[in-house]
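Visitor: Could you walk me through this fold, feature by feature? I'd like to learn how to read each one.

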Amino acid sequence: MLGKLGVSLREAIKKFLGRPVADELAVKELIKDVQRALLLADVNVGLVLDISEKIEERALKEKVPSGLTRRDVTLKVLYEVLVEVLGGERPPRILYPTNKPIVIMLVGIQGSGKTTTAAKLALFYKKKGFRPGLVCADTFRPGAYDQLKQLSLKIGVPIFGGVDGSPVDIAERGIKELKSSGCNVIIIDTAGRHKSESSLMEEMKLIAEKIRPNEIMLVIDATIGQQAKVQAEAFNNTTKIGSIIVTKLDGAAKGGGALSAVAATGAQIKFIGVGEKVDEFEVFNPPSFVSRLLGMGDLKLLAEKVKEASLREEAIKSALAGRLTLKDMVSQIEGLKKLGPLRKILDMIPGLGLNLPEEIADVAQEKLEKWTVIVKSMTEEELERPEIITRSRIRRIAKGSGVKPRDVKELLDSYEAMKKMMKTLMRKHKKGRLPFPLKL
Ligand SMILES: Nc1nc2c(ncn2[C@@H]2O[C@H](COP(=O)(O)OP(=O)(O)OP(=O)(O)O)[C@@H](O)[C@H]2O)c(=O)[nH]1
Ligand SMILES: [Mg+2]
């Protein structure tokens, strides 16, 4: 997939990894190689400059969390910037039928791959357990029906078409017939008589008004590179229920240009075609796409590791730096819990020899929620100096927050335990016995 672009990006990374240190020079060289690869793949020059700037800025400035290297951070940045360029982390929202059948209409200029894609899409839904049906509303090209019929036989999906009438008539009849025979995903293949996007959009609007599909998918041929932008833009401005399928990405020298240009318009790419066969088709998910492109399946993992490591550092530092108040504790635990069990985090600091009190390490989510409410029922004074909280105050706080007095007591006990632990940690730090650098 994206043969050449992938190869040159992977070579750039290999070269970068082969450098003795990931210094400014190495990062700049990597960026140059990435630029070259992207430009060759027909990615827009402005976009390439934008990408380069972002990588340079972030790769050299972002903090390197302990346990990781500048190299890790640079690769993470490269991965993240490319994912962003292709549409971001969020997976595409594929439309599925609920209790009502859905109708999907495919449009696109001549030869873009609509008919092939109609069958691919039908197979995709069939594999997911739905009951797709195909409609051939292409009355323009002789043999259009036969082509789709052949494909439908191959994948074992019912088809409607090959009858007289206007495309709209055929589509309407097809939808009705397939629905009544139990299909719940109806895919309409239309004619691609258009060479330009403007006439295509006109006709698309006309047909769509009549048959009211749930989704219109524009099929774009990746071999046109960044020119895909014009089509995607016109399409995006014409319909609100549109998404995009980019075909022929297998070996398309300009595929990178096509994908990035489409993504830049804000249109959503939902699927890609990666071969002539009916199963050479996939959901377009930028994170996994970029990981494969860069030949590093675990780049997403690395990105998460880097993020987590710096969060962890922050959390520990702020817990140690500030005098821990009761209010802080609850939010601290909340924050730390997001990083996994607290104990595991502190265990990661080698040689600390710290035993976290059980009751804090294992604070359950419900308890944490309870504590959050309890803290809100306390006065500022109580929060600052918990030692003034007498039994009668405990009863009042419990009442105010709708919990039992023993819940309030438990929070106070946990707070004492945590404070003690922090003191031990601080003592170790002052004696210079903390194995990690800490700027307090
Ligand atoms: N390599 C490759 N070829 C593809 C892909 N998708 C479609 N094709 C080929 O592209 C050619 C055109 O595909 P069609 O599906 O007939 O395109 P169309 O948009 O229906 O064409 P018209 O109906 O004439 O507008 C065929 O030879 C397909 O096999 C793909 O993802 N990869
Ligand atoms: Mg066709």
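Here is our talk about the chain, its strands and its cores.

Guide: A word on the ground rules. This is a predicted model, in which local features need pLDDT of at least 70, side-chain atom pairs count only at pLDDT 80 or more, and totals for chains, interfaces and linings use all residues. Residues are numbered from 1 along each chain as its sequence is written, chains are lettered from A and ligands numbered from 1 in the order in which they are written, and side-chain values use heavy atoms, with hydrogens and water left out.

Visitor: How many helices and strands does the protein chain have?

Guide: Helices (H or I, at least four residues) and strands (E, at least two) are DSSP runs, numbered from the N terminus. Here that gives 19 helices and eight strands.

Visitor: And what share of the residues is buried?

Guide: Buried means under 20% relative accessible area, exposed over 50%, and partly exposed in between, with a 1.4 Å probe and protein chains only. Of the 440 residues, 50% count as buried.

Visitor: How should I read strand pairing around β1?

Guide: Two strands pair if DSSP finds at least two bridges between them. Strand β1 (residues 102–107) has six of its six residues buried. It pairs in the parallel sense with β4 (residues 185–189) over five bridges, and M105 stands opposite I188 there. With β5 (residues 215–221), β1 is again parallel, over four bridges, and V107 faces L218.

Visitor: Which residues of β1 lie on each side?

Guide: In a regular strand the side chains alternate between the two faces of the sheet. In β1, I102, I104 and L106 are on one side, V103, M105 and V107 on the other, and all are buried.

Visitor: Why is β7 described as largely enclosed?

Guide: Five of the five residues of β7 (residues 269–273) are buried, so the rest of the structure largely encloses this strand. Three bridges join β7 to β6 (residues 242–247) in parallel, with I245 opposite F271. Between these two strands the chain passes through helix α10 (residues 255–264), and this β-α-β crossover is right-handed. That label applies if, with the strands pointing away from the viewer, the path from the first strand over the helix to the second runs clockwise. Strand β8 (residues 281–283) is joined to β7 by three bridges too, but antiparallel, and I272 stands opposite E282.

Visitor: Which residues have the most contacts inside the largest nonpolar core?

Guide: A nonpolar core is a set of buried Ala, Val, Leu, Ile, Met, Phe, Trp, Tyr and Cys residues joined through side-chain atoms within 4.5 Å. The largest has 75 residues, and I188, I244, L259 and I272 have the most contacts inside it. Helix α4 (residues 70–85) gives the most to this core, with nine residues. At least three residues come from each of domain 1 (3–90) and domain 2 (102–284); those bounds come from an automatic or database domain assignment. Another core, of 27 residues, lies apart from it, with L148 and I155 among them.

Visitor: What does L121 touch beyond its neighbours in sequence?

Guide: Contact means heavy atoms within 4.5 Å. L121 sits in helix α5 (residues 114–127) and is buried, at 0% relative accessible area. Leaving aside neighbours within four places in sequence, L121 contacts I104, L106, I187, M217, F271 and F281. Its C-alpha atom is separated by 9.8 Å from that of V185, 64 residues apart along the chain.
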